[in-house]
Amino acid sequence: MRTCQMLYPRDTESRRAVSMDGMWKFQLDEKQCGHEEGWKDGLPAPDMIPVPASFQDFYTEKDIREYTGDFWYETDFFVPGEWEGKEVAVRFGCATHRAEVYVNGNRVTVHEGGFLPFSAVVTDIVRYNSYNKVVVLVNNELNVTSIPCGETKVLRNGKKMSKPYFDFYNYAGLQRPVKLIAYPKEHIEDFSVVHAFKGQDAIVQYCVETTGQHKVILDVYDADRQKVASAAGKEGKLLIPRVHKWNVGDGYLYRFVIRIMDGENLIDEYFEPIGIRTVEIKGKDILLNGEKIYLKGFGKHEDSDIVGRGFNIGVMKRDFECMKWINANCFRTSHYPYSEEIYQMADREGILVIDEVAAVGLFKSETNFAEASTGKQTAFFQEATIPRLLENHLQCVEDMICRDKNHACVIAWSLMNEPETTDEAAVPYFRKVFDRAGELDPQKRPRTFAMIMNSQPDTCKCYQFSDFLSFNRYYGWYVMGGYEISDAEEAFHREMDAWEALDLNKPVVFTEYGADTCAAEHKLPSVMWGQEYQIEYLEMCHRVFDSYDFITGELVWNFADFQTTEGIMRMNGNKKGIFTRDRQPKEAAYYLKERWH
Ligand code: BDP
């Protein structure tokens, strides 16, 4: 019954979705006694914190900010009497990284993976027309069998801390909206659409899954609310005459309305705004609606002041305004699937998304960004823990594709970020992940993974799995930075020449390139970390990109400065943003705006 939880909660004639966001009770389980002392029935000494948000940055005590282990949330919610006879669930946008949910003291669900939704069905557990209690045990420990990968270290004073194998702060908690939902027992579980064009018309192949046998009907309305197509049956084809195609900067959405009918009576209704477009790879090109596109934009993070990785509707709006201002047309959801609301916005704005699963840190190193160019090998895929990791990874791929498959904005799946690819042991792992993604996506979008610097033409054993290659490259930053930049440019060319010589006949997208830049530093002539150097660095990369016809995209690392673990390589976070963490432009933003015009 997993699929139903993936449909975004909506109010319709037959469904209700009530926000549970607000101040929740919150308590760290420092002594690991929550289970024993029955916290599932109510927290003994809670603080109050906002949901959705990461818990870390509210607090002034370092022991709380760095807290690693179990922590608990609690709130009360009212279930209307009219809902009796329906299915009732509490749906979490995410719980990072794993959760156990208790309602009125009963354990109703457990979930692993911190960046995808799940729900706890509570139909037979709640009291109707009265208040009920939900308690959630969340755990933020990193390990090597779940994604993202990392370690949990125990300090000599007994406290635990997170040691990520990735370069972003290990924010955690109930970071996305929580909703109380009610829907009919016989309901729409899932649906999918696949688009094709014939002359000026669109042909949309659809498939609806329901839990019963009653008749399904589907109506499509245009943006002026005129009905433009109808069909009956769980599977079929819709013809949309003179279709308005979804495109970059033109996020035209039709409303698909699905109903289950018992004669004249409505059993269930669900709707979704859907953009109609095609995506395919042809030789060295990525085609949108049959036309070549060049990707311009960023790798991003869900990251902002105070709420951390918490979904923030204001920050989302500002991010899209900045992306439009700078003439970007694409971003990658590095390094995990983002909040559902962000894909809805990308659909409306006509911005392309490379949707990435949280498989980051598949390279045993706390500073892989620094070690990637050293040729270091960690035999990651030879570990005994790999089968368990693969299981979790596949589950997350399944959930991500199930959740996001109908979004027009999603043009590709990124199935890993910077895994270790230099070892034959990686090959069967990759094959399973790529095959599964291919089977699951009804639209058969391109699949890729972001390749670390030491995944070179002569060392990488896995690039053949990608439909287009995605390179993360830091020539001129981690290697040959500053006055050595002319050597960096040559080395960059040498690598690209070697890829060209392989004659893969596939597109290449740069999914990362960037230079740390302090918003307050200026220096003439340029110096690394200064504003001028970021521009020189970008100009050098662009000279390289512009000299190869197989390069079909440039996504700068990063859209904005973001929080990481502290250390000598990071000054209160990663400063490769083109915008600051509060979303103001650095000098390079004006240069990119020109180039991307
Ligand atoms: C790459 C990672 C990314 C880092 C970036 C960097 O994919 O998460 O933040 O480099 O070093 O290794 O800035």
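Visitor: Which side chain has an N or O atom 3.2 Å from an oxygen atom of the ligand?

Guide: The side chain of Arg570 does. Keep in mind that this model is predicted. A polar contact is a pair of N or O atoms within 3.5 Å. Lys576 also has a side-chain N or O atom by a ligand oxygen, at 2.5 Å. For Tyr474 the distance is 3.4 Å.

Visitor: Then let us look at the backbone. What should I expect in general?

Guide: Most residues other than glycine have a negative phi, and most peptide bonds are trans. Now for the exceptions here. The Ser334 to His335 peptide bond is cis, its omega near -10 degrees. His335 sits in the loop between strand 24 (330-332) and helix 3 (340-349).

Visitor: What is the phi of Glu418?

Guide: Positive, about 50 degrees, although Glu418 is not a glycine. Look for Glu418 in the loop between strand 26 (410-417) and helix 6 (426-440).

Visitor: Which residue does a cis peptide bond join to Thr96?

Guide: His97, with omega about 0 degrees. His97 belongs to the loop between strand 5 (87-92) and strand 6 (98-103).

Visitor: Now the overall layout. Which domains does the assignment give?

Guide: Domain 1 covers 16-183, domain 2 covers 188-274 and domain 3 covers 279-596. The centres of domain 2 and domain 3, taken over C-alpha atoms, are 33 Å apart.

Visitor: How do I read the interface of domain 2 and domain 3?

Guide: Begin with contacts. In domain 2, 16 residues are in contact with 17 residues of domain 3. Then take area. The two domains bury about 1300 Å² between them, with 60% of it on carbon and sulfur atoms.

Visitor: How many salt bridges does the rule find across this interface?

Guide: One between domain 2 and domain 3. Asp190 forms a salt bridge with Lys405, and their closest N and O atoms are 2.8 Å apart. The rule also finds seven residue pairs in polar contact across the interface of domain 2 and domain 3.

Visitor: Which element gives the largest share of the side of domain 2 that touches domain 3?

Guide: Strand 13 (residues 188-198), with seven residues. By type, that side of domain 2 has eight nonpolar, five polar and three charged residues.

Note on methods:
Residues numbered from 1 in each chain as written. Predicted model: local features only at pLDDT ≥ 70, side-chain atom pairs only at ≥ 80, totals over all residues. Heavy atoms only, no water. Domains from an automatic or database assignment. Contact = heavy atoms within 4.5 Å. Buried area = accessible area lost by both parts, 1.4 Å probe. Salt bridge = Lys/Arg side-chain N within 4 Å of Asp/Glu carboxyl O. Polar contact = N/O pair within 3.5 Å; in protein donor to acceptor, adjacent residues only side chain to side chain. Helix = DSSP H or I, 4+ residues; strand = E, 2+ residues; numbered from the N terminus. Nonpolar A, V, L, I, M, F, W, Y, C, P; charged D, E, K, R; others polar.
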